[in-house]
Structures are given as structure tokens and as C-alpha cells.
Amino acid sequence: MEQLFILTLDASNFILAIVLVAMGLVIIFGLMNVINMAHGELFLLGAYTVVLVERAGGHFWFGLLLAPLVVGLVGLVVEELVVRHVYHRFLDTILATWGLSIAIKQAVVIAFGPASHTVTNPIATSIEIFGTPYPVYRLFIMAVALLVIAVTFWLFFRTAFGLAARGVIANRDMAACLGINTRRLDRATFAYGAALAGLAGAVMAPIMSVDPQMGLGFLIPAFLAILVGGAGHLAGPLLGAAAIGGTDTLAANLWSPVVAQIVVFTMAIVVIRLFPRGLAGRWFGR
Amino acid sequence: MLTVQGLEAGYRGSRVLNGIDLEVAEGGIAALLGRNGMGKTTLMRALMGLVPVAAGRIVFQGRDIAGLRPYAISNLGIAYVPQGREIFADFTVEENLKLGLVGKPGGAGTDPASAYRHFPILAERRGQKAGTLSGGQQQQLAIARALVGRPRLLLLDEPSEGIQPSIVLQIAEILRRVAAEDGLTVLLVEQNVEIVLSLAADCAFIEKGRVVARHAAAELARDRDILHRYLAV
Ligand SMILES: Nc1ncnc2c1ncn2[C@@H]1O[C@H](COP(=O)(O)OP(=O)(O)O)[C@@H](O)[C@H]1O
Ligand SMILES: [Mg+2]
């Protein structure tokens with residue numbers, strides 16, 4: 001029983017971390033039809049923002065607040081300089097953002113070196129859950145992810161901005177003819193998606209080794225989660241992450257992490273075969 | 001209110017509009033007629049900024065709007081009801097109407113309820129998905145969505161297409177009333193001659209991307225041969 005509870009906590013932890021990364025990807029893809037290959041590097045920039053703040057003598061919490069702002073701003077610049085010129089050419093967006101990801105990664109190596117950095121864990125205590133110690137910071141990560149999910153759903157389903165954004169997703173030309181400034185929405189949405197990646201990187205930094213490759217470990221499961229969950233609805237990454245993260249944690253515990261990866265990929269292929277538009281596409285119609 | 005001079009526009013590799021000259025006077029309903037494929041929809045899309053203007057001028061209320069982006073044209077007071085309606089099928093009726101407001105300066109806070117006065121059926125269906133409405137109701141929604149933003153000029157592309165005749169007459173009646181009450185100017189593209197003759201005062205005929213004739217509706221009602229000349233296939 002206790003074992004099961006801890007397992008559930010571990011799975012939730014992984015799932016919510018994936019959601020944090022995948023949500024930004026899905027928002028950008030939904031509005032602009034851009035697959036942002038540089039999303040992992042935005043995650044990276046979030047983590048390095050915290051490293052930089054700590055080096056300068058600042059506190060972790062300040063870094064955590066600063067990271068989404070900095071990376072959101074980077075997103076704004078990237079959108080203006082690169083993405084907006086190619087966003088109507090699907091393949092070019094993949095190439096352009098891929099090139100960007102390489103550039104950002106190299107810039108990080110030049111600025112911080114290829115070695116890994118550590119970020120202090122701001123809540124380095126554990127609490128006992130059914131007699132097993134569990135790190136409090138992991139609970140904090142889950143709380144942040146849940147908050148981000150709630151805010152994002154609120155933003156897209158309860159505000160005028162969200163209505164306009166969903167209108168642009170459904171029919172860009174018609175939305176523009178109704179007076180909606182699609183350029184401004186693109187910019188805002190890309191920046192928001194980038195900010196989410198930056199926040200994810202910053203909040204995960206204390207429990208990871210911060211190095212130029214760290215984005216990859218979340219980007220692949222995030223992409224898988226989107227494929228499995230479907231990109232047509234904001235609930236897609238939630239369902240997909242639950243499927244991927246749940247399967248991974250369970251299989252890793254029953255057998256081994258290597259087997260878990262094989263199981264996850266197999267599961268992903270089966271789901272994509274059965275539901276080409278993802279689980280959310282199946283459940284929400286559309 | 002709207003003056004189009006020497007307008008040329010089209011799609012990649014094919015010029016559709018070959019120098020459109022058109023004058024729409026303030027107030028009332030003006031009609032644009034022509035056979036299929038003559039460029040009526042392309043003209044509407046060019047006026048809205050959806051199709052790039054290659055040459056010519058589009059002067060709306062004294063301002064050249066050629067080259068402006070669609071949202072800016074919309075916010076200057078031109079609304080568009082496209083052929084095929086293009087309502088947001090997965091959104092509720094109320095959300096569709098709100099989408100007609102969110103982009104307007106200060107519009108996000110405005111109540112879409114004003115639209116329900118002219119279109120009571122939409123009030124009944126406000127919580128329903130727009131895609132589940134009948135064709136006539138969808139057309140009313142598309143018109144209401146255009147009107148909530150309080151435009152000065154309404155571009156209406158084939159509103160009777162695919163709709164039962166009885167409903168068409170009902171919509172025509174609503175249009176006439178709105179135009180009169182709100183001082184709205186309408187540029188109507190329509191194949192249904194009866195609708196045109198009952199609504200419009202002025203008719204322009206388009207052929208191969210040019211306006212080739214203009215007649216008062218009363219004149220056309222007397223002499224149906226003119227209509228026949230420009231519309232027969
Ligand atoms: N998206 C498009 N791309 C290329 N050609 C088009 C497009 N839309 C319309 N056309 C062409 O432009 C011409 C005029 O079409 P249109 O403006 O829709 O005419 P109408 O509304 O008078 O029936 C037609 O020959 C049509 O084939
Ligand atoms: Mg047409």
C-alpha cells in the first residue's frame with residue numbers, strides 16, 4: 001500500500017514535469033502550426049537563468065521568478081526575428097527552430113562551459129509519507145505544475161485573450177476579419193509558451209544536473225506525450241503525459257528503466273496506430 | 001463611403017480582378033451581381049485585406065485602406081460575412097458573437113446581447129454549438145457576428161446560398177431593418193435575383209474581373225432582359 005502510494009507520487013511527479021514542458025509546445029503548435037524544436041533549449045535557458053542568479057549571489061527563489069520572464073522575452077525576440085518569417089511554411093519552421101536550438105546550445109556552452117552545474121535545493125528536507133521519507137521539493141514541483149496547468153486552462157477557456165486565441169486556432173483568416181490582431185496573439189502566445197519552458201527548466205534545476213543536454217530528457221517524453229495525447233486540444237498533453245509518465249514509472253519499478261523505455265515506445269506506437277489524432281482527439285470529438 | 005478605383009488583385013499566378021471601379025454610396029444596400037467565377041468573392045476578400053492588392057485604390061471614408069491587414073480594416077468599420085459563412089462550428093453561439101467583439105477596441109467588455117434583438121433565434125440557441133445550427137441559423141449567426149462590432153459597412157457574400165427560400169426572405173427582412181435602423185451600408189453579392197431586387201437600390205454587374213454595368217434596381221425590375229444578359233450562363 002505504502003509502496004503503491006510512493007509509486008503514484010513518483011509517477012505524478014514525472015507526469016507533471018512532462019506536462020509543464022509539453023503544454024508550451026502544444027500552445028505554440030496549436031496557434032501557429034509551428035513545431036518548436038528549440039523548446040528544449042528554452043528549458044535549458046530557464047535552468048541557466050537560475051545558475052546565473054545564484055552565481056551573482058541571488059537566491060534560488062528570485063531565479064525561479066526571473067526565469068520565465070527572461071525566457072519569455074527570449075521567446076518574443078525569437079518569434080520576431082525567426083519564427084514569424086517562416087511560420088506559414090511548416091517544414092521551414094522545423095529547420096529554423098532546429099538551427100536555433102543548436103545556436104542556443106552552443107551559446108550556453110561558450111558562456112558556461114560544457115560541464116554540469118548544480119543548483120541548490122531550496123527545500124532540502126523530506127517528510128515522512130507512510131514511514132518513507134519523501135523530498136518536499138518534489139511536492140513543490142507538483143504544486144507548481146498544477147498551478148501552471150490551472151492558470152493556462154483559465155487563460156485559454158475563461159478570458160477574452162483565450163477566446164481570441166482559440167478563434168485564431170480554429171480559423172485564422174476569419175478571426176482576423178473580426179478585428180483580432182493575429183500578429184499580436186502569435187507574439188504573446190509564443191512568449192507564453194517559451195515562458196512555460198523557462199519556468200519548467202528553472203523549477204527542475206535543483207533535482208537535475210544542469211548541463212547543455214538537460215533539455216533532451218524532457219523534450220522526448222514531451223513530444224511523445226503530445227503524439228499520444230493529441231495536439232488538437234489543451235487536454236492532449238495532460239492525457240498523453242499521464243499515459244507516458246504512468247507507464248514509464250510503473251515499468252521502471254516493475255522491471256528496469258531500460259525496459260520501461262521500450263514499453264513506453266511500444267505503447268506510444270500502439271496508441272498512435274489506434275488513435276491517429278491522439279487520445280484527446282478521440283475523447284473530445286473535434 | 002467606399003470608392004474602388006482600378007483595383008487589380010488575384011492569386012499566385014492568376015490575376016482575377018482586372019481593374020475594378022466601384023462606388024458604394026453611404027446608407028442603403030448596393031448589390032454586386034455576376035456569374036460564377038467572375039471574381040465577386042475575390043473582390044470581397046481584397047476589400048477585407050485577405051487577398052493582396054496588386055494595383056489600384058480602395059478608399060473607405062476618405063482613407064486608402066489598400067494594403068492594410070484584415071484586423072485593421074475590420075477595426076476601421078468594415079465587417080465581412082463570407083461565402084459559406086465560416087462560423088466557428090465548435091464554439092457556442094454566444095462565443096461566436098463574442099469573437100465578433102474581442103478584437104474591437106474596448107469590445108471585449110461589450111455584451112453580445114445587442115445581436116439578439118434582431119435575431120431572437122440566436123438568443124434561444126446561445127449555449128448551443130454553432131455547428132449544430134441549421135443553415136439559415138448559421139447565416140443569421142454569421143451576420144449577427146459581423147454586426148455586434150458595429151460596422152459602418154457590411155460585406156455580404158451570397159447569404160442565400162444553400163438556405164431555404166422562406167428563411168432567406170426572413171433574413172432579407174432583418175437586413176433591411178438593420179440597415180435602416182443603424183444607418184448601415186451593405187455591399188451585397190447575391191445570385192438570387194428576387195432578393196437583390198427586393199433589397200438593393202443599386203446594382204453593379206461584374207464580368208471577368210471588371211465592373212461592366214450599373215443599373216438602378218427599379219430599372220432592372222422593369223427590364224429583366226438586362227439581368228438575363230449578365231447572369232445567363
Ligand atoms: N484561392 C484561390 N486560388 C486560386 N484561384 C482562385 C482562388 N479562389 C478563387 N480562384 C479563382 O478566381 C476566380 C474568381 O473566383 P471567385 O472570386 O470565387 O468568383 P465568384 O465569387 O464571382 O464566383 C475563379 O476563376 C476561381 O477559380
Ligand atoms: Mg463567390
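**Reading aromatic pairs, a metal site and a surface patch**

Q: How many aromatic pairs are there over all chains?
A: The count comes to eleven aromatic pairs over all chains. Keep in mind that this is a predicted model.

Q: How is a pair of aromatic rings described?
A: By the distance of the centres and the angle of the planes. Take A:Phe60 and A:Trp61: their ring centres are 5.3 Å apart and their planes stand at 75 degrees, so the pair is edge-to-face. A:Phe60 is buried, at 1% relative accessibility. A:Trp61 is partly exposed, at 32%.

Q: What kind of pair do A:Phe153 and A:Phe157 form?
A: A stacked one, with 5.7 Å centre to centre and 20 degrees between the planes. Both residues lie in helix H5 (residues 136-158) of chain A, four residues apart, about one turn of the helix. A:Phe153 is partly exposed at 22%, and A:Phe157 is partly exposed at 30%.

Q: Which residues coordinate the magnesium ion (ligand 2)?
A: B:Thr41 through OG1 and B:Gln83 through OE1, at 2.0 to 2.2 Å. B:Thr41 lies in helix H1 (residues 40-48) of chain B, and B:Gln83 in the loop between strand E6 (78-81) and helix H3 (93-102), so the pair ties together parts 42 residues apart in sequence. B:Thr41 is partly exposed, at 24%. B:Gln83 is partly exposed too, at 26%.

Q: Which residues form a nonpolar patch on the surface?
A: A:Leu73, A:Leu76, A:Val77 and A:Leu81, with about 370 Å² of accessible area together. A:Leu81 lies in helix H3 (residues 60-86) of chain A. A:Leu81 has 62% relative accessibility, so it counts as exposed.

Terms used
Residues numbered from 1 in each chain as written. Chains lettered and ligands numbered in written order. Predicted model: local features only at pLDDT ≥ 70, side-chain atom pairs only at ≥ 80, totals over all residues. Heavy atoms only, no water. Patch = residues over 30% accessible without salt bridge, like charges linked within 9 Å, V, L, I, M, F, W, Y side chains within 5 Å. Areas by Shrake-Rupley, 256 points an atom, 1.4 Å probe, with all protein chains shown as cover. Salt bridge = Lys/Arg side-chain N within 4 Å of Asp/Glu carboxyl O. Helix = DSSP H or I, 4+ residues; strand = E, 2+ residues; numbered from the N terminus. Buried < 20%, exposed > 50% of the residue type's maximum accessible area, 1.4 Å probe, protein only. Donors = N, O, S within 2.8 Å, 3.2 Å for Na, K, Ca; no water. Phe/Tyr/Trp six-rings, centres within 6.5 Å; stacked < 30°, edge-to-face > 60°.
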